[in-house]
Structures are given as structure tokens and as C-alpha cells.
Amino acid sequence: MASKKSGKKNNKLPDDVYEAELFRLQTELVKLQEWVKATGSRVVIVFEGRDAAGKGGAIKRVTEYLSPRIATIAALPAPSDRERGQWYFQRYIAHLPARGEIVLFDRSWYNRAGVEKVMGFCTPAEHALFLRQAPIFEQMLIEDGVILRKYWFSVSDEEQLRRFRSRLNDPVRRWKLSPMDLESVYRWEDYSRAKDQMMVHTDTPLSPWYLVESDVKKHARLNMIAHLLSTIDYYDVDIPKVKLPKRPVLSGDYQRPPRELSTYVDDHVATLIGDRE
């Protein structure tokens with residue numbers, strides 16, 4: 001497997017081809033959004049995988065041109081004391097889509113099968129109960145008409161460590177590196193066993209897992225989005241045409257208040273232009 005992935009690294013897509021294909025796919029995602037809105041469909045997309053596997057980057061590209069009123073991201077923090085006393089799936093249900101909505105779960109109820117299992121945040125009995133209930137829970141969603149897609153982003157241990165190191169020295173991405181992330185390096189095999197066990201119980205014909213090889217992030221994004229679009233039977237819907245009106249003839253009676261009465265932001269750009277002169 002390692003040699004297979006390393007071979008793909010040597011055949012990276014040129015940046016211009018990547019950008020063109022990404023934009024084409026994002027255009028299709030907008031069409032999907034309009035179809036969801038017009039038909040009242042409900043779409044749930046689950047993004048799972050190891051830390052630094054590229055889930056966030058894929059989510060960002062999926063939602064880049066979508067309306068935040070239709071496509072929302074659910075990235076839940078650690079459960080509160082009250083939530084720990086609820087049925088496990090309860091807090092996730094609150095984030096499920098209504099008619100005409102898309103929800104992307106940046107990690108999901110599968111936390112219990114991964115980090116909670118490995119780090120001991122749940123009991124063996126709770127973990128076993130989750131593995132029994134998750135397929136039933138997803139079956140209920142699908143039977144009620146929800147379109148559910150589950151993606152597992154697969155990254156090699158070498159590439160994960162490289163990404164961790166790059167985050168360590170990057171001031172705008174350092175926040176992505178937590179003690180929990182570093183713990184995953186030492187518990188690689190534990191996470192692998194937990195993932196394998198999860199797949200055995202939850203990779204079902206009705207609700208399958210789709211694995212995305214993500215050692216090359218750009219390839220992973222294109223592959224994931226193209227696959228998502230191929231699995232939903234959407235179509236172009238009629239969008240009301242918008243015609244810009246002619247600019248009205250001004251009466252000339254309006255007088256703008258004096259500029260000094262308002263508080264404007266400082267012209268930061270002027271300082272940059274000055275530095276170049």
C-alpha cells in the first residue's frame with residue numbers, strides 16, 4: 001500500500017488542471033445545492049479519518065461557493081456534562097438537515113468508534129452499544145429520505161507526521177495541532193484497530209463507507225467531490241432570472257452627511273503603498 005501511494009505522489013496533477021477541475025466540480029455542487037433547495041431533499045455528508053488527513057480542506061472546497069443558509073458545517077466540540085447524560089446520538093440529531101438543506105459533519109457520531117474508544121473516553125459497553133446502534137440509526141435516517149454519504153480520509157503515518165511538523169511551525173495553522181493530535185502518532189496501531197472494527201460493523205450495503213486516499217490533498221479533494229456528485233441523481237432546476245433595473249433618475253434633493261460625522265476604518269492599504277514607493 002505504501003508503494004502504491006508513493007507512486008501517486010510522483011504523478012501529481014498540475015496546478016492549473018487541478019484549479020480548472022475543482023472549479024468545474026464546484027459549479028456542479030452549486031447545481032446540486034439548487035436541486036436540494038428546489039426538491040426539499042436532505043443531504044448529510046460525514047467526513048471522518050485520522051488527524052491531518054485532509055478532511056477540513058475537502059470541506060472547505062465543497063462549501064466554498066455554496067450558500068451558508070443551505071449548506072452548513074457541523075463541527076461539534078467535546079460534549080458538555082449535560083450531553084454526556086443524553087442518548088449518545090441525541091446531540092447530533094439536533095444538527096441534521098431540514099428540507100432543502102445540506103449538512104457536512106466535520107467528524108460525527110463516529111467519534112465514539114475512534115477517539116473515544118482509543119483514549120478511553122467511553123466504556124467498552126458504550127462502545128459495543130454504539131457499534132450495534134449506529135447502523136440502525138443510519139437506517140432510520142435513510143428510510144426517512146435522508147441522503148447519507150460517509151467518507152473516510154486515509155493518510156499514511158509518514159504523511160501525517162509530515163503534516164504535523166509543518167503545522168508546528170506555521171503561525172496560522174498551529175491551532176490545528178493539539179496534544180490529542182500528537183497522541184494519535186503514538187497510538188497509530190490502536191486507531192487502526194478501532195477503525196477496522198468500526199468498518200466491520202458500520203460499512204453496510206445500505207450505508208457504506210467510501211475511502212479516500214489523501215496523501216495528496218488535491219487529488220483527494222477532486223476524487224471525493226467527483227464521487228459525491230456521481231452518487232446523487234440531481235439535475236438542473238429552473239432558477240428565476242434576475243434582471244437588473246435601470247438606475248433611477250436622482251432627484252438631487254439628497255445630501256450625504258459630512259464625512260467627518262462618521263468613523264471610518266484607517267486606510268491600512270495606504271501604508272503598504274507607501275512602503276513600495
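In this briefing a residue is called buried when its relative accessible area is under 20%, exposed when it is over 50%, and partly exposed in between, using a 1.4 Å probe and protein chains only. The model is predicted, so local features need pLDDT of at least 70 and side-chain atom pairs count only at pLDDT 80 or more, while totals for chains, interfaces and linings use all residues. Residues are numbered from 1 along each chain as its sequence is written, and side-chain values use heavy atoms, with hydrogens and water left out.

**Overall picture**

- The protein chain holds 12 helices and five strands, where helices (H or I, at least four residues) and strands (E, at least two) are DSSP runs numbered from the N terminus.
- Of the 277 residues of the protein chain, 40% count as buried, and the C-alpha atoms fill a box of roughly 75 × 50 × 45 Å along the principal axes.
- With a contact defined as heavy atoms within 4.5 Å, 80% of the contacts in the protein chain between residues at least 6 apart in sequence join residues at least 24 apart.

**The sheet**

- The five strands form an open sheet with parallel pairing, in the order β2-β3-β1-β4-β5, and two strands are taken to pair if DSSP finds at least two bridges between them.
- At the edges of this sheet lie β2 (71-74) and β5 (209-213), each of which pairs on one side only.
- From one strand to the next the twist averages 20°, with axes being lines fitted to C-alpha atoms, for helices over the stretch in contact, and angles running from 0 to 180 degrees between N-to-C directions.
- Strand β1 (residues 42-49) pairs with strand β3 (residues 101-106) in the parallel sense over six bridges, and within this pairing R42 has E101 in β3 as its bridge partner.
- Helix α11 (residues 217-230) packs on the sheet, where it touches β1, β4 (146-154) and β5, and its direction makes about 160° with that of β4.
- The pairing of β2 with β3 is also parallel and runs over four bridges, with A71 standing opposite I102 in β3.

**Two helices**

- Helix α2 (residues 15-39) has 25 residues and reaches 36 Å from its first C-alpha to its last, close to the 36 Å expected at 1.5 Å a residue, the expected span being 1.5 Å times one less than the number of residues.
- The buried residues of α2 include Y18, L22, L25, L29, L32 and W35, and the buried residues of this helix pack against β1, α3 (55-63), β3, β4 and α11.
- Just after α2 comes G40, which takes a positive phi of about 70°.
- Helix α11, with 14 residues, reaches 20 Å from its first C-alpha to its last, close to the 20 Å expected at 1.5 Å a residue, and its buried residues include H219, R221, L222, M224 and L229.

**Aromatic rings and charges**

- There are 19 aromatic pairs in the structure; rings of Phe, Tyr and Trp (its six-membered ring) pair if their centres lie within 6.5 Å, and planes under 30 degrees apart count as stacked, over 60 as edge-to-face and the rest as tilted.
- One of these is the tilted pair of W87 and F89, 5.2 Å centre to centre with 55° between the planes, in which W87 is partly exposed at a relative accessible area of 42%, whereas F89 is buried at 0%.
- The rings of F105 and W109 have centres 5.3 Å apart and planes at 65°, so this pair is edge-to-face; F105 is buried with a relative accessible area of 0%, and W109 is buried with a relative accessible area of 0%.
- One aromatic cluster has W87, F89, F105 and W109 among its members, together with residues including Y88, W152 and W209.
- The charged end of R50 sits over the ring of W188, 3.5 Å from its centre, a description that requires NZ of Lys or CZ of Arg to be within 6 Å of the ring centre and within 35 degrees of the ring normal.
- The charged end of R259 sits over the ring of Y264, 4.0 Å from its centre.

**A loop residue**

- A78 lies in the loop between β2 and α4 (81-84), and it counts as exposed because its relative accessibility is 63%.
- Leaving aside residues up to four places away in sequence, A78 touches E83 and R91.
- A78 and N111 are 33 residues apart in sequence and 9.9 Å apart in space, C-alpha to C-alpha.
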